[in-house]
Amino acid sequence: MNPMHSHGHPQGPAAIATPKLIRSITMDRCSNFTSGGANGNDVNLLSQLYKARTNSEEYISLLVHSVPDLKRIPFQEAIQQEFRPTRLGEWFGPSWSTHWFHVQLRIPNEFAGEEVHFIWNADNEAILWSMDGAPLQGLTGGAGSDARHDYLLTSRAQGGEVTQFYIEMACNGMFGAGNGLIGPPDPNRFFNLNELDLAVPNKLAWDLLYDYQIILGMAKDLHAESTRAAQALYTANKIINAFRPGDDSTLPLCLAIAADFLKAKNGDAQHEIHALGHCHIDTAWLWPFEETIRKAARSWSSQIGLMDRYPDYKFICSQAQQYEWVRDNYPALWDRIREKNAMGQFLPTGGTWIEMDTNMPNGESLCRQFLLGQRFFEEHFGKRCKVFWLPDSFGYTSQLPQLMRLAGMKYFFTQKLSWNNVNKFPLTTFWWIGLDGSKALIHMAPSETYNAQCTPEELIRTVKNHRDKEYSNTSLLVYGNGDGGGGPLSSMIERLKRMRDVDGLPRVEMSTPTDFYEKIERESPELTTWKGELYFELHRGIYTTHALCKKLNRSCEFLLRDVEMLATFAHIMDPAQFTYPKAEFDVFWKMICLIQFHDVISGSSIEMVYEDCLQMYAKVDSMGKQMREDLLERLMGLDPAATPPTSKKALSIFNTLAWSRTEVIEVPLDEDLPTMKQYSAFGRTGYTLVSNVPPLSVQGCSLEEDLKYEPVKVVTDQKNNIVMENQYIQVTFDKSGHLIGLHDKEERRELIKPDERGNVFRMYEDIPLFWDAWDVEIYHLEKGRVVEEGSVQILEQGPLRAALLVEKRISATSRLRQIVIMTAVSRRIDFETEVDWNENRQFLKVEFAWDIMADTVNYETQYGVVKRPTHYNTSWDSAKFEVVAHKFADLSEYGYGVALLNDCKYGYAAHDNIVRLSLIRSPKAPDSNCDIGHHVFKYAIYPHRGHFLQSDVVREGFNFNVPLLTRVVPRAKLDSLSTGIPRFHIEDAPNVVLDTIKKAEDSNQIIIRLYEAYGGHAKARLVSSLHIKAVHRCNILEDDIELVSSSSKSTQLDRTFSTNLRVLDDDVVELQQQAQQRQQAQGVQLSLTPFQILTLKVAF
């Protein structure tokens, strides 16, 4: 008889002879039963998880080789080194060092017939290797939920057998080598080998532990007043009462009690959860890129092992770059991944090269992310991805739905907006409508994590947080340790199996992303919509942090644009002799796309990462510029070796943009060039005016042309202000370099109100709540100061260019110097700026106040513009106190506007009539030296007639970022420079931008990518100097969609003549040529819808 019960009626319940359960006390008691740190942990369930365990050196022999100089060496090199004896308790370091262990085990005879595990814990990361060099499993040290200490040696030991393998230890934790989560790395961390065992698990105890975790989780996290919560607590308490420490005979009874509770099933209408095993590995963050390569091997080999043990287990992983790293560095693991992929267990997802930031890369970079990713997955796994997977990126551009559709993907997954710190995002499963009207089916995991641990609380939270339950009864649970890698543990899979169909919890099943989204499509009759960008209300500082990385990103994007275009021209003109350098371009784009990983281009990684980035950027920059020089020589027919040294010289001016340009250009001094109209203040360059340089082509300049223009003038007024003036505008700067007047002469309009100014530098205190490199908080606007003092002097006084030198002391430790430039032929005022910066959590911005009334600002995004408010009416408006833009932000009212342009910045802010450009930050974590040093950048103001929608601001943004390319050439070559260059341009549609020209990936055809930039319809003509045979519209993966134009009919002649008329063959040829000429003049007719990205495949 149960001693807890008194004698009751044989037909009814027993009368309890003990006090009624007190929930709080019972809950604490039950929690202690599986706690490693609670009172009595030496006699709770955890104490019984192993039947036997030994760390005796009689059974474990350990040798080590410590790799010098922080090198990471491959397996075959490592095993050839000299090893020394080591043992449990030794310390290894310093940070980032690698240590290889040769492990030899002899299983005790007493373990015969048992499952035996090897246990290793050094509080860092490691991987087991077989003796023949196959990665077997990752090991994660420490005591956290991501710990993976044990490796299954055998499911049934014989006793006495000897096992050998290697362990590669990395002296960093799962999250690098810093103090705290985001502290800068400590270069001298050492790690202690504190666990080294052979162990026999007590399978009944482990089964009870997993059961108990479910039951206790339901008791804790279901509503306290619910029946199932009460039943769960009663069951958990009953299990403790049945358990006897050290007595395995009580475990079957405990398991029976658990099974009785867990056998209760759900009703038909219960919420359904699709669980996806997942491992988010930041491609670099608190560790360098090279460590990510090893993280991928550690994580993925562990998942392969779980697939062997659990045939129904499915695992997804994104980022083609990481797959390529594994393919190149771990061929045995790569073979196993392909094997498991064929079995439907290891599933690539995402479709991009890496999980990139989507706000700062330009449009072509985003296209290449999809192109590189989808081609890799199709080549190596036989299919493209259908789900775009970005769980951790910091906001999502409004052009993603269109780009996804053009990359063959309909579905999008994220959860990051759950981190918003102002407004809770109101939707979970919905249609996302992009800038152009394209739509994508999106699900944001309501568990609000991509690192779920498979607990009842997460399932309960999933249902609670699902904000579209009226329309959809299904959610995703993305589980597995991540950020630093690792992935799911066997304990997660065991808990999932137990929660498959338990009354009180939603149903849960292992699934795949595609199965989940297709179920939504089948079963949800309607869904709500969200139009426009998915703005992330956190991490707003990333648009500015690590300024040099962002500067090089912008310059390399445009450099690759130039080089690909010029190489395509060379291929078109001489396909027999010129080899298009596709392999080199692929390498360049892979490096650019890699750096655009969301924790790298954002500036939120450790200093080591940016040292690697600078090396990659330097390679792209140096090789790309040399290729550009070589291609220009080839296209213009220049042979430096054949040019007489005494020949007269002139300039070639190459315009890589798709519209003509008239500009004052700066030319390095060359003694063989004629005298120029003006020389710079510093005497190292001269200036000349070039007029109507044709689009995507070259123009010769003798420097003796007599072009008409109105000279620019500079004067000092009666108040000692400096006034600069050209034919369009007049600007006035005060003695500190502030812009206090801007007068449009044609419009007879003053753009600055009395007592307001432009070019005002503000310093803000910038102390986020936690995420130093990531965040600028809303309260920074409350604590700023104007940098008032400064000096200004006249540097250049025309006639082509006027320039002022402005110098300011920003603080006791930082200085600013800028040259303000006005040319004779442009409305644009440039500010070429240098800053020596040494600050601690300060934020420098420059602002302009305009006499313009507008509720919104037009910010450039990829392939278009986004409108954002200039007011704080609602919390949604206020949350956008710092936003992202590309080359410009434009404030316009009816009839007039002013754009604020930049050449390498991405952060903007606007309130009322003030527009600010964010310049430099100074966070201290995770890089304590972030942005300290010398900065060089440019910004400009561009006042324009008409509203932005009727302006040429988009073109001016390109002009500011893409200078005309000049080089000294023999004067005798001026008339023949353009003969070897094919001509392309767009007519009849100033709102259409021809952005990219490249060779097709798999043919000799040419890819031309255009877009509508302002949000209107367009009827455009693509005009070429070459005969176009056919034009197909294709997607960004270069699959044909439809035929746009073909010359097969338009150039054929109507040969219906009278029987008495003969047409000579020569006449036919001449008539065909005339028809082709007419067709070339007419061009290819194109129709574009607002913000459409149009990719054409052209055959010549």
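An open sheet of 4 strands is found in the predicted model, with the strand order β1-β12-β6-β9 and antiparallel pairing. Strands, taken as DSSP runs of E with at least two residues, and helices, taken as DSSP runs of H or I with at least four residues, are numbered from the N terminus. Two strands are said to pair if DSSP finds at least two bridges between them. Strands of a sheet pair through backbone hydrogen bonds, either parallel or antiparallel. The edges of this sheet are formed by β1 (50-54) and β9 (150-154), each of which pairs on one side only. On average, neighbouring strands are turned by 30° against each other, direction ignored; the axes behind such angles are lines fitted to C-alpha atoms, and angles between N-to-C directions run from 0 to 180 degrees. Strand β6 (residues 116-121) and strand β12 (residues 195-201) run antiparallel and are joined by 5 bridges. Histidine 117 has alanine 199 of β12 as its bridge partner.

Residues are numbered from 1 along each chain as its sequence is written. Because the model is predicted, local features need pLDDT of at least 70 and side-chain atom pairs count only at pLDDT 80 or more, whereas totals for chains, interfaces and linings use all residues; side-chain values use heavy atoms, with hydrogens and water left out.

The interior was examined next. In soluble globular proteins, nonpolar side chains tend to be buried together. A nonpolar core is a set of buried Ala, Val, Leu, Ile, Met, Phe, Trp, Tyr and Cys residues joined through side-chain atoms within 4.5 Å. Buried denotes a relative accessible area under 20%, exposed one over 50%, and partly exposed the range in between (1.4 Å probe, protein chains only). The largest nonpolar core holds 281 residues, of which Trp300, Tyr479, Trp850, Ile941 and Leu994 touch the most other members. Helix α14 (residues 547-573) gives the most to this core, with 13 residues. With contact meaning heavy atoms within 4.5 Å, tryptophan 850 touches Leu739, Leu742, Leu751, Ile752, Leu891, Val898, Asn913 and Ile941, residues up to four places away in sequence not being counted. A second, separate core comprises 28 residues, including Phe92, Ile167, Met169 and Val200.

Burial is also seen in helix α11 (residues 456-465), where Pro456, Glu458, Leu459, Ile460, Thr462 and Asn465 are buried. The elements covering these residues include α3 (203-221), β13 (272-278), β20 (474-479) and β21 (507-510).

Aromatic side chains were then considered. A pair of aromatic rings is described by the distance of the centres and the angle of the planes. Rings of Phe, Tyr and Trp (its six-membered ring) pair if their centres lie within 6.5 Å; planes under 30 degrees apart count as stacked, over 60 as edge-to-face and the rest as tilted. The structure holds 57 aromatic pairs. The rings of phenylalanine 394 and phenylalanine 536 form a stacked pair, because their centres are 6.4 Å apart and their planes lie at 20°. Phenylalanine 394 is in the loop between β16 (387-389) and α10 (400-406), and phenylalanine 536 is in the loop between β22 (529-531) and α14, so that the pair links parts of the chain 142 residues apart. Phenylalanine 394 is buried, with a relative accessible area of 2%, and phenylalanine 536 is buried at 1%.

A tilted pair is formed by tryptophan 530 and tryptophan 876, with 6.0 Å from centre to centre and 50° between the planes. Because tryptophan 530 lies in strand β22 and tryptophan 876 in helix α17 (residues 875-878), this pair ties together parts that are 346 residues apart in sequence. Tryptophan 530 is partly exposed, with a relative accessible area of 22%, as is tryptophan 876, with 29%. Ring pairs also link Trp300, Phe315, Tyr323, Trp334, Phe346, Trp353, Phe376, Phe377 and Phe381 into a cluster.

Backbone geometry was also examined. Most residues other than glycine have a negative phi, and most peptide bonds are trans. A cis peptide bond with omega of about 15° joins glycine 798 and proline 799. Asparagine 720, although not a glycine, has a positive phi of about 65°; asparagine 720 is exposed, with a relative accessible area of 56%. Tyrosine 863 has a positive phi near 60°, but is buried, with a relative accessible area of 3%.
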